[in-house]
Amino acid sequence: MEQKLRWGVLGCATIAIHSVIPGIRASKTGEVVAIASRDVHKAQEKTEQLEIPEAYGSYEELLHDPDIDAVYIPLPNHLHMEWTIRAAEAGKHVLCEKPIALNADQARRMVEACAKAGVKLAEAYMYRHHPRYERIREIVQSGEIGTVRGIHGTFSFNNAGDKNNVRYRRDWGGGSIYDVGCYPISAARYILGSEPEAATVHAFLSPEHDNVDMMASGLIEFPDSVALTFDCAMWAAFRNTLEILGTDGRIEVPSAFIGDPNFIVHTQEGQREEEIPKLNAYALQADNMAQAIWGEQPLLLNPDDAILNMQVIDACLASAYERRRVAIT
């Protein structure tokens with residue numbers, strides 16, 4: 001019988017029900033065997049709907065299930081650290097939704113707890129598992145577009161009417177930088193292969209939404225005078241784009257984080273569309289986690305990457321709320 005990694009899911013978040021659970025089921029390695037909710041009836045409703053064997057009325061019950069190997073945590077951001085550490089202490093491997101924590105210090109504690117327990121920890125940036133980002137970085141490193149002068153990224157949507165959404169609780173880690181600004185930050189770090197030095201961010205803080213950043217525009221300074229400029233929003237029209245500008249060309253990614261994986265390379269000789277297979281990034285993410293647990297390959301996103309990304313997010317939030325340039329150390 002083919003080996004399967006047995007997953008449990010803490011909570012009934014939309015991302016879990018509509019994206020991650022179907023992705024695990026579409027993977028070569030995984031199966032979802034349980035969902036837990038603080039409301040057992042909600043857990044039962046979802047497990048019946050999705051034909052998943054077990055429903056638990058508490059997260060603790062799921063963590064005590066010996067038939068579960070790994071857990072996916074899509075809880076509100078302020079609960080990531082607590083339940084990652086508790087899962088690690090229960091001997092479960094952890095895939096934690098992005099952003100991994102509220103700050104880099106929390107992320108560091110999570111990484112240390114998982115290392116101590118001997119379990120794997122990964123942050124759920126599913127977009128990175130799609131092979132197009134490896135191809136984008138390959139083109140950049142080949143020199144085809146020349147020397148990179150800058151990167152511009154966007155990720156915005158409008159959900160402002162849902163006033164009870166967890167994204168609009170500041171103490172729960174709400175706001176657009178945490179929710180979607182983290183994507184262009186992560187992508188720029190990967191493409192450039194270096195860590196930024198400072199951040200300057202201007203934000204629209206909405207009193208209607210607990211003063212979280214409903215939109216933010218930022219400048220992230222990288223070494224060699226290269227910058228990421230980005231904007232992110234939860235009260236603006238939808239888009240998710242990335243452009244990498246070089247001295248001799250540019251790469252245009254019309255759907256950078258979700259949607260069509262194809263992208264366009266512009267050079268002095270003209271332009272071409274890179275046709276990329278339409279693969280399920282959530283399934284690839286689940287397979288990478290399982291193969292890392294089984295010792296077949298390393299995690300694509302190692303835990304230290306999560307700490308480094310949170311350091312940049314920390315600087316962006318400090319800059320937005322304090323209206324100043326913040327060095328990243």
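This is a predicted model: local features need pLDDT of at least 70, side-chain atom pairs count only at pLDDT 80 or more; totals for chains, interfaces and linings use all residues.
In which sense, right-handed or left-handed, does helix 1 pass helix 8? The crossing is right-handed.

1. Helix 1 and helix 8. Helix 1 covers residues 14-26 and helix 8 covers residues 281-293. Their axes come within 7 Å and cross at roughly 60°. Angles under 35 degrees count as roughly parallel and those from 65 to 115 as roughly perpendicular; helix 1 and helix 8 are therefore oblique to each other.

2. Residues in that contact. From helix 1 come I15, S19, V20, G23, I24 and A26, and they meet Y282, A283 and A286 of helix 8. By class, the residues of this contact are seven nonpolar, two polar and no charged.

3. Six strands make an open sheet with parallel pairing, in the order 3-2-1-4-5-6. Its edge strands are strand 3 (54-56) and strand 6 (121-124), each of which pairs on one side only. From one strand to the next, the twist averages 25°.

4. Strand 1 (residues 5-10) pairs with strand 2 (residues 30-36) in the parallel sense, over six bridges. R6 has E31 in strand 2 as its bridge partner.

5. Helix 4 (residues 80-89) lies across strand 1, strand 4 (70-73), strand 5 (93-97) and strand 6.

6. Another open sheet has nine strands in the order 14-13-12-11-7-10-9-8-15, and its pairing is mixed. Strand 14 (270-274) and strand 15 (326-327) are at the edges; each has a single partner strand, so one side of each is left without a neighbour in the sheet.

7. Strands 12 and 13. Strand 12 (residues 249-253) and strand 13 (residues 263-267) run antiparallel and are joined by four bridges. Opposite I251 stands V265 of strand 13.

8. Helix 7 on the sheet. Helix 7 (residues 176-192) packs on the sheet and touches strand 7 (148-158), strand 8, strand 9, strand 10 and strand 11 (235-246). The direction of helix 7 makes about 155° with that of strand 10.

9. Strands 8 and 9. Nine bridges pair strand 8 (residues 198-206) with strand 9 (residues 212-221) in the antiparallel sense. H202 stands opposite S217 in strand 9. The hairpin of these strands has five residues between them, and there D210 takes a positive phi near 60°.

10. Strands 9 and 10. Strand 9 also runs antiparallel to strand 10 (residues 227-233), with seven bridges joining them. A216 has C232 in strand 10 as its bridge partner. Five residues lie between the strands of this hairpin, in which D224 takes a positive phi near 65°.

11. Helix 9 against the sheet and helix 5. Helix 9 (residues 303-322) lies across strand 8, strand 9, strand 10 and strand 15, at about 55° to strand 8. Helix 9 also packs with helix 5 (residues 104-117) at an angle of about 170°, the axes being 8 Å apart. Angles over 145 degrees count as roughly antiparallel; helix 5 and helix 9 are therefore roughly antiparallel to each other.

12. Residues between helix 5 and helix 9. A104, A107, R108 and V111 of helix 5 meet P303, D304, I307, M310, Q311 and D314 of helix 9. This contact has six nonpolar, one polar and three charged residues.

Conventions: Residues are numbered from 1 along each chain as its sequence is written. Side-chain values use heavy atoms; hydrogens and water are left out. Two strands pair if DSSP finds at least two bridges between them. Helices (H or I, at least four residues) and strands (E, at least two) are DSSP runs, numbered from the N terminus. Axes are lines fitted to C-alpha atoms, for helices over the stretch in contact, and angles run from 0 to 180 degrees between N-to-C directions. A crossing is left-handed if the near helix is turned anticlockwise from the far one by less than a right angle, and right-handed if clockwise. Contact means heavy atoms within 4.5 Å. Ala, Val, Leu, Ile, Met, Phe, Trp, Tyr, Cys and Pro count as nonpolar, Asp, Glu, Lys and Arg as charged, and the others, Gly among them, as polar.
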